[in-house]
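Let me put the structure up and walk you through a few spots.

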Amino acid sequence: MKLYTRTGDKGTTSVIGGKVNKDDERVEAFGTIDELNAFVGQAAATAGTGAEKTADAANEPPGGIRAFQVRLLEELTVIQHELFDCGSDLSYAEPQPEQLKVKSELVERLEAWIDRHEAGNPPIARFILPGGTATAAALHVCRTVCRRAERAVVTLAATGRPCPPEVAKYLNRLSDYFFAAARAANAKAGVQDVEYERGAAVFRRIGKEL
């Protein structure tokens with residue numbers, strides 16, 4: 001089969017149940033999710049390379065960096081499939097409930113992953129600079145692109161056209177996941193997050209500053 005069809009040469013593209021301009025809010029939403037998926041793939045490749053370069057799991061304590069990188073790679077692979085689900089749900093011009101793939105269970109699983117990563121992270125009081133290890137830096141890029149994807153979905157919803165609400169919830173929680181996972185990647189590698197030095201204390205736990 002040929003990769004090109006020439007059907008979009010005039011600035012339109014197909015969605016399920018119709019045809020729209022390529023700069024349509026729906027296309028912008030699932031296109032940004034596609035961009036995010038590419039960055040998640042890059043982060044997964046970085047994590048996978050780190051796992052290969054680290055000593056065998058048998059030579060490190062339980063919960064060491066290699067075990068973390070292997071688990072992170074597994075999580076990111078699941079997320080990549082789920083981002084395709086998000087794009088699929090958004091591609092319907094008039095979606096029916098039985099056609100949608102993104103369910104509340106996906107959000108709940110992300111929350112469980114966030115809690116597990118955060119449980120091992122050192123406390124912070126201020127915003128941190130994106131960076132640290134290569135894996136953490138890649139995850140921070142995913143976080144920011146995820147926020148942009150979420151904004152694009154909100155923009156689509158504001159038009160009044162069908163927009164599955166679970167996709168926005170998933171992306172909102174996913175950006176939190178990337179933040180927690182990035183911090184965990186640094187913590188496991190013994191790299192300290194750098195706090196924004198002129199920022200106020202914004203992170204609190206049970207009503208008290210960390």
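So, Lys169: its relative accessibility is 42%, so it counts as partly exposed. It forms a salt bridge with Glu166, with the closest N and O atoms 3.5 Å apart. Both of them sit in helix α5, three residues apart, which is about one turn of the helix. Keep in mind that this is a predicted model.

How many salt bridges does the structure hold? It holds 13. One of them is between the side chains of Arg161 and Asp24, at 3.0 Å, N to O. This pair links distant parts of the chain: Arg161 is in the loop between α4 and α5, Asp24 is in the loop between β2 and α1, and they're 137 residues apart. Is Asp24 buried or exposed? Buried, with a relative accessible area of 12%, while Arg161 is partly exposed at 30%.

Then there's Arg198 with Glu197, where the closest N and O atoms are 2.9 Å apart. Arg198 is exposed at 64% relative accessible area, and Glu197 is exposed too, at 66%. As for networks, salt bridges that share partners join Asp24, Glu25 and Arg161 into one.

Now away from charges. Phe127, Leu129, Val194, Tyr196 and Val202 make a nonpolar surface patch of about 450 Å². Val194 is in the loop between α5 and β3, and it's partly exposed, at 48% relative accessible area.

Helices α2, residues 65-90, and α3, residues 104-119, pack at an angle of about 160°, with their axes 12 Å apart. That makes α2 roughly antiparallel to α3, and their crossing is left-handed.

Terms used
Residues are numbered from 1 along each chain as its sequence is written. This is a predicted model: local features need pLDDT of at least 70, side-chain atom pairs count only at pLDDT 80 or more; totals for chains, interfaces and linings use all residues. Side-chain values use heavy atoms; hydrogens and water are left out. Patches are made of residues with over 30% relative accessible area and no salt bridge: like charges are joined within 9 Å, nonpolar side chains (Val, Leu, Ile, Met, Phe, Trp, Tyr) within 5 Å. Accessible areas come from the Shrake-Rupley method with a 1.4 Å probe; for residues, only the protein chains shown count as cover. A salt bridge is a side-chain nitrogen of Lys or Arg within 4 Å of a carboxyl oxygen of Asp or Glu. Helices (H or I, at least four residues) and strands (E, at least two) are DSSP runs, numbered from the N terminus. Buried means under 20% relative accessible area, exposed over 50%, partly exposed in between (1.4 Å probe, protein chains only). Axes are lines fitted to C-alpha atoms, for helices over the stretch in contact, and angles run from 0 to 180 degrees between N-to-C directions. Angles under 35 degrees count as roughly parallel, over 145 as roughly antiparallel, 65 to 115 as roughly perpendicular and the rest as oblique. A crossing is left-handed if the near helix is turned anticlockwise from the far one by less than a right angle, and right-handed if clockwise.
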